[in-house]
Amino acid sequence: MELGLVGLGKMGGNMRERIRRAGHTVVGYDRNPDVADVHSLEELVGKLSAPRVVWVMVPAGEPTQSTVDQLADLLEPGDVVVDGGNSRWTDDEKHAGELAAKGIGFVDCGVSGGVWGLENGYALMYGGDAEHVARVQPVFDALKPEGDFGSVHAGKVGAGHFAKMVHNGIEYAMMQAYAEGWELLEKVDSVTDVREVFRSWQEGTVIRSWLLDLAVNALDEDEHLDDLRGYAQDSGEGRWTVEAAIDNAVPLPAITASLFARFASRQEDSPQMKMIAALRNQFGGHAVEKK
């Protein structure tokens with residue numbers, strides 16, 4: 001089939017290559033002319049035969065909204081737009097309504113796989129009407145990993161990005177657990193080779209995972225992570241997961257704690273800990289450290 005792909009960055013560029021390897025035609029547009037096949041959305045739409053499918057891989061929020069708005073004016077009834085970025089599921093409902101008013105279908109798709117997706121395939125979670133999903137199915141089949149698993153029609157519009165959001169929330173908590181265990185192992189004198197302890201867990205243990213494999217890779221490159229600053233950004237999906245938990249009265253203590261741990265990483269000198277130290281000194285005469 002033919003596909004228009006908007007956004008050819010780290011994910012989009014590799015996705016274009018994997019889809020082409022499966023025998024499909026991909027017309028790619030990016031603001032960077034060095035990687036683009038065409039130089040405008042108008043040219044991209046003009047290169048595709050109706051009914052068209054256009055997959056959007058740009059940052060969530062205003063960039064996605066602007067792209068959807070432009071495509072709404074360029075596409076025709078019967079065409080389908082896929083949002084494969086990390087959009088909030090509530091935005092999907094809005095975009096689907098705007099496009100439906102013009103007879104254009106919409107599918108939201110959460111994509112996981114990162115820089116490894118080109119060779120290993122991408123895990124896909126998509127939402128939308130069955131007829132619109134069916135139009136995109138050949139591309140889903142090209143992108144997914146080999147085998148029976150790795151893709152799912154999660155439900156109606158918004159379900160794909162909601163599922164990906166929860167996936168990322170779980171990822172936050174798993175990474176935090178590995179990080180805490182690593183710090184504790186590094187702290188004690190009795191464990192003399194933390195990297196090899198992590199490596200030993202890769203086989204035969206209940207905590208083996210791809211994340212553990214990646215942790216060992218990182219430790220092979222920098223055994224004690226001395227070259228890194230202890231600062232971690234968050235993409236926003238961890239926050240949305242916690243907000244959704246609050247809205248639905250679902251307790252998520254591990255995921256919430258892992259998100260707050262990232263916030264703590266951005267403080268050079270924790271204001272909260274200043275108050276804790278001051279209170280311990282006031283009620284118990286515990287020593288405090290001065291600047």
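## An enclosed strand

Select strand β6 to begin: the rest of the structure largely encloses this strand, because four of its five residues are buried. The model is a predicted one, and β6 covers residues 123-127.

Leu124 has Ser151 of β7 as its bridge partner, and Tyr126 has His153 of β7.

In general, the strands of a sheet pair through backbone hydrogen bonds, in either the parallel or the antiparallel sense.

## The whole sheet

How many strands form the open sheet, and in what order? There are seven, arranged as β2-β1-β3-β4-β5-β6-β7, with mixed pairing. At the edges are β2 (25-29) and β7 (151-155), each of which pairs on one side only. From one strand to the next, the twist averages 25 degrees.

Strands β1 and β2 run parallel and are joined by five bridges. Select Val6 and look across to β2, where Tyr29 stands opposite.

## Helices across the sheet

Within helix α6, select His132. Is this residue buried or exposed? His132 is buried, because its relative accessible area is 17% and the cut-off for burial is under 20%. Leaving aside residues up to four places away in sequence, His132 touches Val80, Gly105, Phe106 and Val107.

Then show helix α7, residues 159-187. Helix α7 lies across β4, β5, β6 and β7, at about 15 degrees to β5.

## Backbone features in the loops

The next stops concern backbone geometry. Most residues other than glycine have a negative phi, and most peptide bonds are trans.

Select Ala50 and Pro51. The peptide bond between them is cis, with omega near -5 degrees. Pro51 is found in the loop between α2 (41-47) and β3.

Go on to Leu225, in the loop between α9 (210-221) and α10 (237-247). Although Leu225 is not a glycine, its phi is positive, at about 55 degrees. Leu225 counts as partly exposed, with a relative accessibility of 24%.

A further stop of this kind is Ala249, in the loop between α10 and α11 (253-264). Ala249, again not a glycine, has a positive phi of about 55 degrees. Is Ala249 buried or exposed? Ala249 counts as exposed, because its relative accessibility is 70% and the cut-off for exposure is over 50%.

## Across the protein

Return to the loop between α9 and α10 and select Arg229. Arg229 is exposed, with a relative accessible area of 54%. Select His153 as well and draw a distance between the two C-alpha atoms. How far apart in space are Arg229 and His153? Their C-alpha atoms are 39 Å apart, and the residues are separated by 76 positions in sequence.

Finally, display the entire chain. The protein contains twelve helices and seven strands, and its C-alpha atoms fill a box of roughly 75 × 40 × 35 Å along the principal axes. Of its 291 residues, 40% are buried. Among contacts with a separation of 6 or more, 65% involve residues 24 or more positions apart.

Switch to a surface view. The accessible surface comes to about 16000 Å², and carbon and sulfur atoms account for 54% of this surface. Colouring by charge displays 27 positive and 46 negative side chains, with the centres of the two sets 3 Å apart.

Methods
Residues numbered from 1 in each chain as written. Predicted model: local features only at pLDDT ≥ 70, side-chain atom pairs only at ≥ 80, totals over all residues. Heavy atoms only, no water. Helix = DSSP H or I, 4+ residues; strand = E, 2+ residues; numbered from the N terminus. Buried < 20%, exposed > 50% of the residue type's maximum accessible area, 1.4 Å probe, protein only. Contact = heavy atoms within 4.5 Å. Areas by Shrake-Rupley, 256 points an atom, 1.4 Å probe, with all protein chains shown as cover. Lys, Arg positive; Asp, Glu negative; His and termini not counted. Charge placed at Lys NZ, Arg CZ, Asp CG, Glu CD. Pairing = 2+ DSSP bridges. Axes fitted to C-alpha atoms, helices over the stretch in contact; angles between N-to-C directions.
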